[in-house]
Amino acid sequence: MIRKQWLLLTEEEWVRQNFINYLISVVNYPASLIAVEKELLLNGMKKRFDILVYNTSHQPWLLVECKAPHVSLSEDVLQQALRYNISVPVLYIIITNGTNTLGWSNAAGNLTLLNQLPSHA
């Protein structure tokens, strides 16, 4: 249990919990390097990212923005993740609604669509 607290199981929370389970159980990301819904400061405003995975050097590495299943993975969702990337720069950006998942590598601000999640670094 990563969050160590009881939560209301909203549609978005269901997506978040299932994606975390996928990261740990299927892709073998270490649970100890996953942060969930932590606060960040963006242009003086408090925001929360959904999932942040750190690399083995404990540097932010992969950011995941989760949406409820009925929310389409639009440009707006990607832009939200990219705004979070301003405060927490990462190499990989993922957006998911539990049904569809899209990901990009983010090298020097150039986004390249991924075919699969990267192996943990």
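A salt bridge is here a side-chain nitrogen of Lys or Arg within 4 Å of a carboxyl oxygen of Asp or Glu. The model is predicted: local features need pLDDT of at least 70, side-chain atom pairs count only at pLDDT 80 or more, and totals for chains, interfaces and linings use all residues. Residues are numbered from 1 along each chain as its sequence is written, and side-chain values use heavy atoms, with hydrogens and water left out.

**View 1. Salt bridge between R16 and E12 in helix α1.** The side chains of R16 and E12 form a salt bridge with an N to O distance of 3.2 Å. Both residues lie in helix α1 (residues 11–25), four residues apart, so about one helical turn separates them. Helices (H or I, at least four residues) and strands (E, at least two) are DSSP runs, numbered from the N terminus. R16 is buried at 3% relative accessibility, whereas E12 is partly exposed at 25%. Buried means under 20% relative accessible area, exposed over 50%, and partly exposed in between (1.4 Å probe, protein chains only).

**View 2. Salt bridge between R16 and E37.** R16 also meets E37 in a salt bridge, 3.5 Å from N to O. This pair links distant parts of the chain, 21 residues apart: R16 belongs to helix α1, and E37 to the loop between β1 (34–36) and β2 (39–42). E37 is partly exposed, with a relative accessible area of 22%. Through shared partners, salt bridges join E12, E13, R16, E37 and D50 into one network.

**View 3. Salt bridge between E65 and K67.** The closest N and O atoms of E65 and K67 are 3.3 Å apart in this salt bridge. E65 and K67 are both buried. The count of salt bridges comes to five.

**View 4. Pairing of β6 with β7.** Strands β6 (residues 92–96) and β7 (residues 101–107) run antiparallel and are joined by five bridges. I94 stands opposite G103 in β7.

Methods
Pairing = 2+ DSSP bridges.
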